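This briefing goes through a single protein chain, topic by topic. The sequence and the structure come first, and the notes follow.

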Amino acid sequence: MTTELLYLTLVALLTILLFLPYSLNMMTKLGLTYAVGNREEQKPLAPWAERAKRGHANAVENLVVFAAVVLTAHLLNKHSGATATAALVYFWARLVHYVVYALGIPWARTLAWFVGWVCCLVFIWQILA
(Lines give C-alpha, C1' and ligand atoms only; values in the text may rest on other atoms or scores of the structure.)
Protein backbone atom coordinates (compact mmCIF):
# COMPACT_ATOMS: atom_id res chain seq x y z
CA MET A 1 0.00 0.00 0.00
CA THR A 2 1.33 3.43 -0.89
CA THR A 3 1.64 6.19 1.67
CA GLU A 4 -1.11 8.10 -0.14
CA LEU A 5 -3.56 5.18 0.10
CA LEU A 6 -2.64 4.63 3.74
CA TYR A 7 -3.44 8.24 4.58
CA LEU A 8 -6.62 8.15 2.50
CA THR A 9 -7.69 5.18 4.63
CA LEU A 10 -6.72 7.02 7.84
CA VAL A 11 -8.61 10.15 6.73
CA ALA A 12 -11.68 7.99 6.03
CA LEU A 13 -11.35 6.37 9.47
CA LEU A 14 -10.97 9.77 11.12
CA THR A 15 -14.02 11.07 9.26
CA ILE A 16 -16.25 8.19 10.34
CA LEU A 17 -15.18 8.66 13.97
CA LEU A 18 -15.77 12.42 14.13
CA PHE A 19 -19.48 11.97 14.84
CA LEU A 20 -18.75 10.45 18.25
CA PRO A 21 -18.13 13.57 20.38
CA TYR A 22 -21.25 15.46 19.30
CA SER A 23 -23.37 12.29 19.32
CA LEU A 24 -22.30 11.58 22.89
CA ASN A 25 -23.23 15.16 23.79
CA MET A 26 -26.63 14.64 22.18
CA MET A 27 -27.22 11.43 24.15
CA THR A 28 -26.13 12.91 27.47
CA LYS A 29 -27.86 16.27 27.04
CA LEU A 30 -31.05 15.25 25.23
CA GLY A 31 -31.35 11.55 26.01
CA LEU A 32 -30.90 8.31 24.11
CA THR A 33 -34.51 8.30 22.87
CA TYR A 34 -34.00 11.68 21.20
CA ALA A 35 -30.60 10.66 19.79
CA VAL A 36 -31.92 7.51 18.10
CA GLY A 37 -35.22 9.11 17.06
CA ASN A 38 -36.12 10.82 13.79
CA ARG A 39 -35.53 14.30 15.27
CA GLU A 40 -38.20 16.17 13.31
CA GLU A 41 -37.57 19.03 15.71
CA GLN A 42 -33.87 19.85 16.14
CA LYS A 43 -32.86 20.71 19.69
CA PRO A 44 -29.60 22.55 20.27
CA LEU A 45 -26.52 20.77 21.47
CA ALA A 46 -23.76 22.35 23.52
CA PRO A 47 -22.05 25.08 21.46
CA TRP A 48 -18.85 23.02 21.09
CA ALA A 49 -20.91 20.02 19.91
CA GLU A 50 -22.71 22.15 17.31
CA ARG A 51 -19.31 23.26 16.01
CA ALA A 52 -18.04 19.67 16.08
CA LYS A 53 -21.07 18.63 14.03
CA ARG A 54 -20.25 21.31 11.42
CA GLY A 55 -16.60 20.24 11.48
CA HIS A 56 -17.65 16.66 10.77
CA ALA A 57 -19.84 17.80 7.87
CA ASN A 58 -16.90 19.78 6.48
CA ALA A 59 -14.66 16.70 6.79
CA VAL A 60 -17.17 14.62 4.82
CA GLU A 61 -17.40 17.28 2.10
CA ASN A 62 -13.62 17.52 1.79
CA LEU A 63 -13.09 13.76 1.88
CA VAL A 64 -14.80 13.56 -1.52
CA VAL A 65 -12.18 15.82 -3.12
CA PHE A 66 -9.24 14.24 -1.29
CA ALA A 67 -10.32 10.71 -2.22
CA ALA A 68 -10.82 11.72 -5.85
CA VAL A 69 -7.35 13.21 -6.23
CA VAL A 70 -5.57 10.45 -4.28
CA LEU A 71 -7.28 7.69 -6.26
CA THR A 72 -6.74 9.45 -9.58
CA ALA A 73 -3.04 9.92 -8.82
CA HIS A 74 -2.82 6.27 -7.77
CA LEU A 75 -4.52 5.01 -10.93
CA LEU A 76 -2.22 7.14 -13.08
CA ASN A 77 0.84 6.08 -11.05
CA LYS A 78 1.53 9.76 -10.30
CA HIS A 79 2.73 9.45 -6.75
CA SER A 80 5.91 10.97 -5.43
CA GLY A 81 7.49 12.29 -2.29
CA ALA A 82 5.36 15.40 -2.72
CA THR A 83 2.09 13.45 -2.84
CA ALA A 84 3.13 11.25 0.09
CA THR A 85 3.91 14.35 2.15
CA ALA A 86 0.69 16.03 1.01
CA ALA A 87 -1.34 13.00 2.12
CA LEU A 88 0.32 12.96 5.56
CA VAL A 89 -0.11 16.72 6.01
CA TYR A 90 -3.74 16.50 4.84
CA PHE A 91 -4.54 13.97 7.56
CA TRP A 92 -3.08 16.16 10.29
CA ALA A 93 -4.66 19.31 8.84
CA ARG A 94 -8.10 17.66 8.95
CA LEU A 95 -7.58 16.51 12.53
CA VAL A 96 -6.46 19.99 13.59
CA HIS A 97 -9.38 21.53 11.65
CA TYR A 98 -11.91 19.44 13.56
CA VAL A 99 -10.37 20.08 16.98
CA VAL A 100 -10.01 23.84 16.56
CA TYR A 101 -13.49 24.05 14.99
CA ALA A 102 -14.98 22.31 18.03
CA LEU A 103 -12.97 24.58 20.34
CA GLY A 104 -14.19 27.65 18.44
CA ILE A 105 -10.84 28.99 17.20
CA PRO A 106 -11.77 30.53 13.82
CA TRP A 107 -8.41 31.63 12.40
CA ALA A 108 -6.75 28.32 13.25
CA ARG A 109 -9.73 26.51 11.74
CA THR A 110 -9.40 28.46 8.50
CA LEU A 111 -5.64 27.93 8.35
CA ALA A 112 -6.03 24.17 8.87
CA TRP A 113 -8.68 24.03 6.12
CA PHE A 114 -6.39 26.02 3.81
CA VAL A 115 -3.49 23.62 4.43
CA GLY A 116 -5.74 20.70 3.45
CA TRP A 117 -6.82 22.57 0.33
CA VAL A 118 -3.19 23.13 -0.68
CA CYS A 119 -2.53 19.41 -0.17
CA CYS A 120 -5.28 18.61 -2.68
CA LEU A 121 -3.71 21.08 -5.12
CA VAL A 122 -0.39 19.22 -4.78
CA PHE A 123 -2.13 16.09 -6.01
CA ILE A 124 -3.82 17.95 -8.86
CA TRP A 125 -0.46 19.41 -9.88
CA GLN A 126 1.11 15.95 -9.94
CA ILE A 127 -1.81 14.52 -11.94
CA LEU A 128 -1.70 17.26 -14.56
CA ALA A 129 2.11 17.53 -14.78
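Buried means under 20% relative accessible area, exposed means over 50%, and partly exposed lies in between, with a 1.4 Å probe and protein chains only. By that cut-off, the buried residues of helix 1 are Glu-4, Leu-5, Tyr-7, Leu-8, Val-11, Leu-14 and Thr-15.

This is a predicted model, in which local features need pLDDT of at least 70, side-chain atom pairs count only at pLDDT 80 or more, and totals for chains, interfaces and linings use all residues. Residues are numbered from 1 along each chain as its sequence is written, and side-chain values use heavy atoms, with hydrogens and water left out.

**Overall fold**

- The protein chain has six helices and zero strands; helices (H or I, at least four residues) and strands (E, at least two) are DSSP runs, numbered from the N terminus.
- Along the sequence the pattern is α-α-α-α-α-α.
- Taken along the principal axes, the C-alpha atoms fill a box of roughly 50 × 30 × 20 Å.
- The protein chain has 129 residues, of which 38% count as buried.
- Among contacts (heavy atoms within 4.5 Å) with a separation of 6 or more, 74% join residues 24 or more positions apart.

**Helix 1 and helix 6**

- Helix 1 has 15 residues and reaches 21 Å from its first C-alpha to its last, close to the 21 Å expected at 1.5 Å a residue; the expected span is 1.5 Å times one less than the number of residues.
- The cover over the buried residues of helix 1 includes helix 4, helix 5 and helix 6.
- Helix 6 has 23 residues that should span 33 Å, and its end C-alpha atoms are 33 Å apart, which agrees.
- Buried in helix 6 are Ala-112, Gly-116, Cys-119, Cys-120, Phe-123 and Ile-127.
- These buried residues of helix 6 pack against helix 1, helix 4 (47–75) and helix 5 (81–103).
- An α-helix has 3.6 residues a turn, so residues three or four places apart point the same way.

**Gln-126**

- Gln-126 lies in helix 6 (residues 106–128).
- Apart from neighbours within four places in sequence, Gln-126 is in contact with Lys-78, Ser-80, Ala-82 and Thr-83.
- Gln-126 and Val-69 are 57 residues apart in sequence, while their C-alpha atoms are 9.6 Å apart in space.

**Cysteines**

- The whole structure holds zero disulfides, a disulfide being a pair of cysteine sulfur atoms within 2.5 Å.
- Cys-119 is in no disulfide, and the nearest cysteine sulfur, that of Cys-120, is 7.0 Å away.
- For Cys-120, the closest cysteine sulfur is in Cys-119, and 7.0 Å is too far for a bond.
- Cys-119 is buried at a relative accessible area of 5%, and Cys-120 is buried at 8%.

**Nonpolar surface patch**

- Leu-13, Ile-16, Leu-17, Phe-19, Leu-20, Leu-24, Met-27, Leu-32 and Val-36 make a nonpolar surface patch of about 830 Å².
- Patches are made of residues with over 30% relative accessible area and no salt bridge, with like charges joined within 9 Å and nonpolar side chains (Val, Leu, Ile, Met, Phe, Trp, Tyr) within 5 Å; a salt bridge is a side-chain nitrogen of Lys or Arg within 4 Å of a carboxyl oxygen of Asp or Glu.
- Helix 1 (3–17), helix 2 (19–30) and helix 3 (32–36) are the elements that give two or more residues to this patch.
- Helix 2 gives the largest share, four residues, and Leu-24 is found in helix 2.

Conventions: Areas by Shrake-Rupley, 256 points an atom, 1.4 Å probe, with all protein chains shown as cover.
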